[in-house]
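Trainee: Please show me the model. I would like to ask about a few of its residues.

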Amino acid sequence: MVDPRRLVFINGTWLKTNMPPLRGWGLRGQRPDARVPHGHWKTLNFIAALRHDRIDAPWVINGPPGGGMGGMDF
């Protein structure tokens, strides 16, 4: 058996700042307030080490996830 306290998983995800929510709650007949940064759109990577009781070493990287201009291949 492996002690779960010794396990560390590296996980990554990405987000784009120009992706507003597609759905939301609002008053009947009014659109929900969904703000996006105008003219300041980016793609960001978030990488962290996941342990059984916490997240370690969070890292945010500016750039797309699949290579290209400043991106990373996982």
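Mentor: Start with a definition: buried means under 20% relative accessible area, exposed means over 50%, and partly exposed lies in between (1.4 Å probe, protein chains only). This is a predicted model, where local features need pLDDT of at least 70, side-chain atom pairs count only at pLDDT 80 or more, and totals for chains, interfaces and linings use all residues. Residues are numbered from 1 along each chain as its sequence is written, and side-chain values use heavy atoms, with hydrogens and water left out.

Trainee: Is Arg51 buried, exposed or partly exposed?

Mentor: Arg51 has a relative accessible area of 32%.

Trainee: Which residue does the side chain of Arg51 meet in a salt bridge?

Mentor: A salt bridge is a side-chain nitrogen of Lys or Arg within 4 Å of a carboxyl oxygen of Asp or Glu. The N to O distance here is 2.5 Å. The partner of Arg51 is Asp56.

Trainee: How many salt bridges does the structure hold?

Mentor: Among them are Arg51 with Asp56 and Asp53 with Arg54. The number for the structure is four.

Trainee: Is Thr43 buried or exposed?

Mentor: The relative accessible area of Thr43 is 14%. Under 20% is the cut-off for buried. So Thr43 is buried.
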